[in-house]
Amino acid sequence: MAPPTLAASAGSSSPSLTELIFPALPYLHPLLPFASDEDGIHEQLLRADVESGNHDPPTAAGAKFRINNLTKFSDSASGGGVPILRGVEMEIPRSQIIGIIGPSGSGKSTLLRSLNRLWEPPRGTVFLDGRDITEIDVVSLRRKVGMLFQLPALFQGTVADNVRYGPKLRGENLSEKQVRELLSMADLDPSFYGKKGSELSVGQAQRVALARTLANEPDVLLLDEPTSALDPISTQNVEDVLVKLKNDQGMTVVMVSHSIKQIQRVADLVFLLVDGEIVEVLRPDELAQAKHPMALRFLQLSS
Ligand SMILES: Nc1ncnc2c1ncn2[C@@H]1O[C@H](COP(=O)(O)OP(=O)(O)OP(=O)(O)O)[C@@H](O)[C@H]1O
Ligand SMILES: [Mg+2]
């Protein structure tokens, strides 16, 4: 199979945002562990590059994720490094939209990455459907727990090629009808089917990336500031899709966002992360009642 490459803006005089930020990214084998957290594009490639794996039957009741005393130290400093996550305890209910907010550097992305082993959590700390995720085959875990990043990274080829990518790796060839349905599900007009990835705006590309992730039939979506590069209309479209996925398919969505307003629009429950610790768990309409001084200050300055 030819390695995926980033879509180039053929014929365009100025480089796309993606090209500016991720020039000449080399192909990475999907199953190679990453030596470092360079940027989301590596993980984006990894996310889409999945193969079939075991499918564990979901448990009917209980939390979707249970996080017990999750601690992470940076590996950059010698002697154990600096704490990034400090004993995080969380219960993420299934079929809900969970917002994670907090100051920059508080550990939000690190926490999100621990949920599909982009960062490997210690054994006994992260459970999906009651099962320790370190015991789940990593490829099937990432198929089940899809991830979208701030900037979409499409592979070279058409929108349809991108959407078909994951299923193709497991020997499944999506029909044109199935691809069009996935595009509709991601709030993209099915007429985008044959367009080149390089012809799309960032907002359209983000929705193709969403369709490509949905093609893997995940039951959890991890979203790391997925709309921060989008205009208000695209943002609203993506938010609508998330709510629809939750309502129609029972999707569990865990979304990091810097936009308090966005969290208030879509989330069912909000976790406030400050300095690697969950300091408050509130409903979106209760955010003003936060008590932790840093959380309160963050909320006041953000709103
Ligand atoms: N691989 C790494 N090595 C060392 N330190 C790291 C590494 N990854 C993250 N950190 C540090 O961990 C802390 C939390 O980072 P993280 O990216 O999770 O924060 P964040 O809440 O997502 O921030 P932002 O809102 O800016 O995206 C930061 O201080 C960051 O510098
Ligand atoms: Mg982050």
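Q: Which residue of β8 is the bridge partner of Ile100?
A: Strands of a sheet pair through backbone hydrogen bonds, in a parallel or an antiparallel sense. In this predicted model, Ile100 has Val256 as its bridge partner in β8. β3 and β8 (residues 252–256) run parallel and are joined by 4 bridges.

Q: Which way do the residues of β3 point?
A: In a regular strand the side chains alternate between the two faces of the sheet. In β3, Ile97, Gly99 and Ile101 point one way, while Ile98 and Ile100 point the other way. All of them are buried, so the count for the strand is 5 of 5 by the cut-off of 20 or more other C-beta atoms within 10 Å.

Q: How many residues of helix α5 are buried, and which are they?
A: An α-helix has 3.6 residues a turn, so residues three or four places apart point the same way. Helix α5 (residues 159–169) is mostly covered, with 8 of its 11 residues buried. These are Val159, Ala160, Asn162, Val163, Arg164, Tyr165, Gly166 and Pro167.

Q: Where in the protein does phi take a positive value of about 50° in a residue that is not a glycine?
A: Most residues other than glycine have a negative phi. Glu225 has a positive phi of about 50° and sits in the loop between β7 (220–224) and α8 (232–249). Asp275 also has a positive phi of about 50°, and its place is the loop between β9 and β10.

Q: Which residues have the most contacts inside the largest nonpolar core?
A: They are Ala211 and Val254, in a core of 76 residues. Helix α7 (residues 202–214) gives the most to this core, with 6 residues. Neighbours within four places in sequence aside, Ala211 is in contact with Val163, Leu182, Leu183, Met185, Ala186 and Leu188.

Q: Which residues come nearest to ligand 1?
A: Of the 13 residues around the ligand, Ser74, Ser104, Lys108, Ser109 and Thr110 come nearest. Helix α3 (residues 108–114) supplies the largest share of the shell, 3 residues. By class the shell around ligand 1 has 9 polar, 3 charged and 1 nonpolar residues.

Q: What are the totals for the protein?
A: There are 10 helices and 10 strands, and 46% of the 303 residues count as buried. Among contacts with a separation of 6 or more, 68% are between residues 24 or more positions apart.

Terms used. Residues numbered from 1 in each chain as written. Chains lettered and ligands numbered in written order. Predicted model: local features only at pLDDT ≥ 70, side-chain atom pairs only at ≥ 80, totals over all residues. Buried ≥ 20, exposed ≤ 12 C-beta atoms within 10 Å, placed from the backbone. Helix = DSSP H or I, 4+ residues; strand = E, 2+ residues; numbered from the N terminus. Near = placed C-beta within 6 Å. Nonpolar A, V, L, I, M, F, W, Y, C, P; charged D, E, K, R; others polar. Core = buried A, V, L, I, M, F, W, Y, C linked by C-beta atoms within 7 Å. Contact = placed C-beta atoms within 7 Å. Pairing = 2+ DSSP bridges.
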